[in-house]
Amino acid sequence: MRAVQFEVQAAREFNSAIDWYADIDRKLAADLNVVVQEALNRVARNPLQFKLALGTFRSINLVRFPYQIYFDFSDSLLTVYCFFHTAQDPALLQRRLSN
């Protein structure tokens with residue numbers, strides 16, 4: 001299976017989401033972490049099953065939480081470029097992934 005790495009900004013976005021949910025309920029934060037890990041495991045096993053979203057980036061929608069993970073991959077590595085809250089302006093996502 002591919003190793004997973006987060007780009008710096010994507011890691012900040014993920015950690016911010018975990019912190020936000022932890023302030024509400026620590027169990028919600030733990031649940032988000034589990035959902036993200038399950039999603040990344042699915043993606044790492046077969047990234048081609050996920051649609052191209054922007055350019056070469058593919059995405060997966062999380063179950064139960066309003067986030068999408070945007071990623072790219074090679075034979076040995078899955079790189080998360082954006083952990084995106086779906087209520088945000090899509091133009092922000094396009095700017096983030098075009099850099």
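Modeller: Happy to! Let's start with Leu93, which counts as buried because its relative accessibility is 6%, below the 20% cut-off for that label. Please keep in mind that this is a predicted model. Leu93 sits in helix H3, which covers residues 90-98. Who are its partners? Apart from neighbours within four places in sequence, Leu93 is in contact with Leu54, Tyr70, Cys82 and Phe84. For a sense of scale, Leu93 and Arg45 are 48 residues apart in sequence, and their C-alpha atoms are 25 Å apart in space.

Glu13 belongs to helix H1, residues 8-24. Is Glu13 buried or exposed? With a relative accessible area of 18%, Glu13 is buried.

Now let's follow helix H1 itself. H1 has 17 residues and spans 25 Å from its first C-alpha to its last, close to the expected 24 Å. Its buried residues are Ala10, Glu13, Phe14, Ala17, Ile18, Tyr21 and Ala22. What do they pack against? The buried residues of H1 meet strand S1 (3-6), helix H2 (26-45), strand S4 (67-73), strand S5 (77-85) and H3, and H3 is the helix where we began with Leu93.

Seven aromatic pairs turn up in a search of the whole structure. In one of them, the ring centres of Phe14 and Phe83 are 5.3 Å apart and the planes meet at 80°, so this pair is edge-to-face. Because Phe14 lies in helix H1 and Phe83 in strand S5, the pair ties together parts that are 69 residues apart in sequence. Phe14 counts as buried at 10% relative accessibility, and Phe83 is buried as well, with a relative accessible area of 2%.

A second pair, Phe50 with Phe71, is also edge-to-face, with 6.1 Å from centre to centre and 85° between the planes. Phe50 is in the loop between H2 and strand S2 (52-54) while Phe71 is in strand S4, so this pair joins parts 21 residues apart in sequence. Both Phe50 and Phe71 are buried.

Finally, go back to Phe14 and Phe83 in your viewer: ring pairs link these two with Phe6 and Tyr67 into a cluster.

Note on methods
Residues numbered from 1 in each chain as written. Predicted model: local features only at pLDDT ≥ 70, side-chain atom pairs only at ≥ 80, totals over all residues. Heavy atoms only, no water. Helix = DSSP H or I, 4+ residues; strand = E, 2+ residues; numbered from the N terminus. Buried < 20%, exposed > 50% of the residue type's maximum accessible area, 1.4 Å probe, protein only. Contact = heavy atoms within 4.5 Å. Expected span 1.5 Å × (residues − 1). Phe/Tyr/Trp six-rings, centres within 6.5 Å; stacked < 30°, edge-to-face > 60°.
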